[in-house]
Amino acid sequence: MQYFRKPKNLGPMKDADAVGQVGNMVCGDVMKIYLKIKNKVITKATFETFGCVSAIASSSILTEMIKGKTIEEALKITKQDVIDALDGLPAIKIHCSVLATEALAKAVENYRKKI
Amino acid sequence: MKHKLIYADYAATTPIDKRVVRAMLPYFDKKYGNPASMHKMGQDNLIVLNKCRKIAADFIGANDNEIIFTGSASESNNLAIKGVMWATKNKGNHLIVSSVEHDCVLESAKWLSKNGFEVSYLPVDEYGMVDPKSVEKAIKKNTILVSVMQANNEIGTINPVSEIAKICHKKGVLFHTDAAQTCGKIEVNVQKIDADLLTASSHKMYGPKGAAFLYIKKGIKIEPWIHGGGQENGMRSSTVNMPAIVGFASAMEIAKKEMRAESFRLTKLRDKLIKEILLRIPTAKLNGHSEKRLPNNVSFRFAYIEGESIVYWLNEYGIMASTGSACSSPKLTPSHVLTACGLKKEEIHGSLRLSLGKETTEKDIDFIVEKLEIAVKKLNELSPFIKK
């Protein structure tokens, strides 16, 4: 819950090397992840999220988890890792954690296209 | 941070009035006789039960023998809709309900349509109101019953039920109204509405959960759904829940005396809350009608942020609010009421309902506005849809 109350790594990043956005307004959750990448290592990650408590917490904790990791390491993070890091999510909210890892994958895809 | 708890979810349920609790207590462990029993303890309670029935009848301007006590408004609505359609199936099989009814009405209608009945859904305007003309258009030769709620539980809009009833009767069709949200808040009178069936609920008006009634106008054929010992004139078998019914009756007596002044007070608080939110939060839009609405209902939608997150933040400050109706919260589907009002899905996701009641003070309103403004600001910072 602390990741909802005091979300870490909040807000857009002006000099981001990669941006990934998933979800849509219609389904009710939209997540945007910004990455700063140096020598294949994620040095900084921020996010913006339109969504419920679980969606905000998932994106917040994911940006914490990937900091300092290489792109390959970061991509290995599964939805279960996100859920575990949050000490569990209600069954009905599992899709929020999926959204977080998907946003990351989208950002990496965006990065790879650029280089 | 510890805050005083501010309950702003009276539309979901209300606390039981202390006077009601006192009235109920003897019926748990002292006057526990079954009114169906022949002995003194049973017969004494039968007399009390009939008194309660008289209180309920007086409360809505009906006769004693037109009141069937049930266990919940959902049960009353199920009995009204399925019971009438089933009992009259040889005459016609068409049911009309509004598209913003409570789930217990909509699900009853759905069940009927799966079982060979035909159901039409009335549209509503942007405020969630049913146009009587649309009722006239929807009525067909085989129409038996029209059901339109007196006021909506999510957005508080009050429907022109007496005009709708008039049209129904002109066409020889029965009219049922769900008054679960209006009883104890605005006047509910079956003569003035000219309703054939009406649902009332106890726990929305400071009575206990587990009690409700259905008014069935004398002479209307209805099929019971709970079969058994034949209680409630054979319409609802089940051992009578004496403490709950005594409590409900007590709540109705209190409401009769205090409702007018309390509704006047709540209307002022409601309007202040609406005005302040509109003034201080530019992304806020009012759901429902500005005047034809329940005295205690405030419903807003906020662009770019999600209702559940707002509810969560308010909860952090000790404010108990809800996104729409409390019963729909575990579902992820957007509110059928706001969808029927023509709102887009992305608008619906940002909805918040604050419903006020006896304990709400003007200070609470100030506190809610202050904290809501902070919560919305925080969530705006998170939102990918707001340019920073």
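# Reading a predicted two-chain model

Q: What makes β9(B) and β10(B) paired strands in this predicted model?
A: Three bridges join β9(B) to β10 (residues 297–302) of chain B, and the two run antiparallel. Pairing needs at least two bridges, so the two strands count as paired. One facing couple is B:A284 and B:F302, the latter in β10(B).

Q: What makes β9 and β12 of chain B edge strands?
A: The open sheet has three strands, in the order β9-β10-β12 (chain B), with antiparallel pairing. β9 (284–286) and β12 (351–355) of chain B each pair on one side only. Neighbouring strands of this sheet are turned by 30° against each other on average, direction ignored.

Q: Why is chain A called as compact as a globular protein of its length?
A: The radius of gyration of chain A is 13 Å. The globule rule gives 13 Å for 115 residues, so chain A is as compact as a globular protein of that length. Along its principal axes, the C-alpha trace of chain A spans about 40 × 30 × 20 Å.

Q: What makes up chain A, and in which order do the elements run?
A: Chain A has five helices and three strands. From the N terminus on, they follow the pattern α-β-β-β-α-α-α-α.

Q: How many of the residues of chain A count as buried?
A: The share is 45% of the 115 residues. To count, a residue needs 20 or more other C-beta atoms within 10 Å of its own.

Q: What share of the contacts in chain A with a separation of 6 or more comes from residues 24 or more positions apart?
A: Such residues account for 59% of those contacts.

Q: Which residues make the contact between chains A and B?
A: Chain A gives 20 residues and chain B gives 18. In chain A, the elements giving two or more residues are α1 (2–5), β2 (29–38), β3 (41–50) and α2 (53–66). β3(A) gives the most, with three residues.

Q: How do the residues on the side of chain A that touches chain B divide by class?
A: That side has 12 nonpolar, five polar and three charged residues.

Q: How do you know where the domains of chain B lie, and what joins them?
A: The domain assignment gives domain 1 (6–14 + 259–382) and domain 2 (18–254). Their C-alpha centres lie 27 Å apart. The contact takes 25 residues from domain 1 of chain B and 26 residues from domain 2 of chain B. On the domain 1 side, α9 (242–280), β10 and α11 (336–340) of chain B each supply at least two residues. That side divides into eight nonpolar, 13 polar and four charged residues.

Conventions: Residues numbered from 1 in each chain as written. Chains lettered and ligands numbered in written order. Predicted model: local features only at pLDDT ≥ 70, side-chain atom pairs only at ≥ 80, totals over all residues. Helix = DSSP H or I, 4+ residues; strand = E, 2+ residues; numbered from the N terminus. Axes fitted to C-alpha atoms, helices over the stretch in contact; angles between N-to-C directions. Contact = placed C-beta atoms within 7 Å. Nonpolar A, V, L, I, M, F, W, Y, C, P; charged D, E, K, R; others polar. Rg over C-alpha atoms; globule rule 2.2 N^0.38 Å. Buried ≥ 20, exposed ≤ 12 C-beta atoms within 10 Å, placed from the backbone. Domains from an automatic or database assignment.
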